[in-house]
Amino acid sequence: MTDKKDVWQGTLALMVLNTLQSMGPLHGYGIARRIEQTSGDLLSVNYGTLYPALLKLEQEGYISSVWGLSDNNRKAKYYKLTRAGRKQLEAEAREWEQTTEILARFLSPEQES
Amino acid sequence: MRVLRSFFVRFAAAFAKQRRDRDLSDELESHLGMHTEDNLRRGMSAVEARRQAVLTLGGVEQTKEIYRERRGLPMFETLLQDLRFGARMLRKNPGFTAVAILTLALGIGADTAIFSIVNSILLRPLQYPDSGRLIRVYTYTPVEKGLDTTFAGFLDWRSRNGSFETLAAAWQNDSNLYDTIGPEKIRSACATADLFPMMGVRPVIGRLFRSTDDRVGYERIVLLSYGIWQRRYGGNPAILGKQIQIDSTPYQVAGVLPRGFHYPGQDGYLDAHGRRRRIPDWLSRQSAHSRHGSYRPSKT
């Protein structure tokens with residue numbers, strides 16, 4: 001069995017926002033599975049921590065939730081990105097790109113011009 | 001203001017908890033259902049599929065616990081619980097409650113009363129410049145202590161004064177004021193001319209007494225308190241120079257004393273009225289008990 005990485009602190013919110021952006025409204029289980037798939041099964045989402053994270057995003061107004069029916073006719077709570085959430089996603093994504101870029105420069109100094 | 005927003009949302013979540021709990025249970029149940037179905041499709045047994053789903057979730061109750069902590073404000077909720085518990089205990093022990101409330105009421109009441117007194121007497125100094133040097137002089141006899149002196153006695157003191165920078169006299173009584181508006185009973189005080197400079201008082205309008213006012217032959221003049229000037233004369237400066245009757249004697253209004261000036265010893269609710277009579281009046285009243293106060297000692 002491969003050693004899956006836990007989700008880093010603070011990145012789960014970004015992943016959730018991104019997932020909702022690309023997939024549209026989705027329930028908690030769907031979000032969790034989608035994150036695992038997107039990571040190429042390298043990440044294991046602790047499903048239990050997903051719900052407090054969703055709650056926090058909702059409290060902050062980045063996502064909203066509504067009860068609906070799943071494909072299998074099961075009652076499920078669907079989350080959806082709000083306008084504020086879209087903005088937040090852009091801002092956070094930019095920040096992460098910057099961070100990784102800076103780190104990349106440190107890790108491969110020979111590329112410096 | 002995302003922080004503020006979530007604070008209010010979480011504050012609101014401290015109420016209607018049962019509905020929110022049911023909501024969470026439903027959501028987790030739906031999650032487990034979907035996960036179990038997926039596991040079944042992968043060929044697990046029914047029991048194993050469910051077990052794996054719960055395991056991956058990290059336990060239903062554990063998840064609910066961390067969820068609840070984020071949902072509301074745990075500290076605030078604990079506080080609410082404590083309050084509720086306290087109220088229940090108080091209701092259960094009415095005797096104890098009554099004693100406790102009574103003790104608190106008496107304590108607070110006594111504190112307030114004492115503080116009011118201490119504040120006005122000890123903590124808040126008199127509003128006169130250099131008020132620490134103001135003193136009041138009395139007569140001491142073998143028989144009785146703390147007597148006011150007569151006006152003749154005061155004149156005597158003043159002429160032989162070697163200990164005080166200034167010696168002034170004042171003397172309070174009730175008088176009848178009469179003018180075009182009608183009669184009114186007022187609290188008045190007679191004062192020698194140097195009383196007001198000694199207390200650092202400046203008139204709002206008009207002037208104070210001059211030392212010549214103490215002498216015979218000058219017109220009788222009166223100073224109004226700020227309160228009566230506002231209330232009775234509407235703060236109209238035209239009152240200056242007008243004649244008003246006090247105890248059937250005409251006086252000319254010479255000035256108005258500043259707001260908040262109360263002659264000490266007046267009962268506090270007053271229309272403090274700096275009123276002045278000429279010396280002959282004072283002398284003629286020697287036999288009455290007249291009071292002379294507020295002396296300022298010299299720096300030696």
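In what handedness of crossing does α3(A) pass α4(B)? The crossing is right-handed, where right-handed means that the near helix is turned clockwise from the far one by less than a right angle, and left-handed that it is turned anticlockwise. Helices (H or I, at least four residues) and strands (E, at least two) are DSSP runs, numbered from the N terminus.

This is a predicted model, in which local features need pLDDT of at least 70, side-chain atom pairs count only at pLDDT 80 or more, and totals for chains, interfaces and linings use all residues. Residues are numbered from 1 along each chain as its sequence is written, while chains are lettered from A and ligands numbered from 1 in the order in which they are written.

**Confidence**

The model has an ipTM of 0.81 and a pTM of 0.51. For chain B the mean pLDDT (the predictor's confidence in each residue, from 0 to 100) is 77, and 82% of the residues reach at least 70. Within chain B, helix α5 (residues 74-92) has the highest confidence, at 90, and helix α10 (residues 279-284) the lowest, at a mean of 35. Residues 264-300 of chain B have a pLDDT below 50, and this stretch makes 105 contacts in the model beyond near neighbours in sequence. Where pLDDT is low, the predicted coordinates should not be read in detail.

**The contact between the chains**

Chain B contributes 23 residues to the contact and chain A contributes 18 residues; two residues are in contact if their C-beta atoms, placed from the backbone, lie within 7 Å. On the side of chain B that touches chain A, at least two residues come from each of α1 (2-13), α2 (17-41), α3 (46-57) and α4 (60-71) of chain B. The largest share, eight residues, is supplied by α2(B). By class, this side of chain B comprises five nonpolar, ten polar and eight charged residues. Here Ala, Val, Leu, Ile, Met, Phe, Trp, Tyr, Cys and Pro count as nonpolar, Asp, Glu, Lys and Arg as charged, and the others, Gly among them, as polar.

**Helix packing**

Two packed helices are described by the angle between their axes and the distance between the axes. Axes are lines fitted to C-alpha atoms, for helices over the stretch in contact, and angles run from 0 to 180 degrees between N-to-C directions.

| Helix pair | Axis distance | Angle |
|---|---|---|
| α2(B) and α3(B) | 8 Å | about 130 degrees |
| α1(A) and α4(A) | within 10 Å | roughly 125 degrees |

Angles under 35 degrees count as roughly parallel, over 145 as roughly antiparallel, 65 to 115 as roughly perpendicular and the rest as oblique.

In chain B, α2(B) and α3(B) are oblique to each other, and their crossing is right-handed. The contact involves residues of α2(B) including H31(B), L32(B) and H35(B), and residues of α3(B) including A46(B), A49(B) and R50(B). Its composition is seven nonpolar, six polar and one charged residues.

In chain A, helix α1 (residues 11-23) and helix α4 (residues 83-107) form a further pair. Their arrangement is oblique, and α1(A) passes α4(A) in a left-handed crossing. L14(A), L17(A), N18(A) and Q21(A) of α1(A) meet residues of α4(A), among them L89(A), A93(A) and W96(A).

**Strands**

Chain A contains an open sheet of three strands in the order β2-β5-β4, with antiparallel pairing; two strands pair if DSSP finds at least two bridges between them. β2 (26-27) and β4 (63-69) of chain A are edge strands with a single partner each, so one side of each lacks a neighbour in the sheet. β4(A) is joined to β5 (residues 75-81) of chain A by seven bridges, and V66(A) has Y78(A) as its bridge partner.

In chain B, strand β6 (residues 243-246) runs antiparallel to strand β2 (residues 170-179), with two bridges, and Y178(B) stands opposite Q245(B). Four bridges join β6(B) to the antiparallel strand β7 (residues 249-256) of chain B, where Q243(B) stands opposite Q252(B). β6(B) and β7(B) form a hairpin with two residues between them, and D247(B) in the turn has a positive phi of about 50 degrees.
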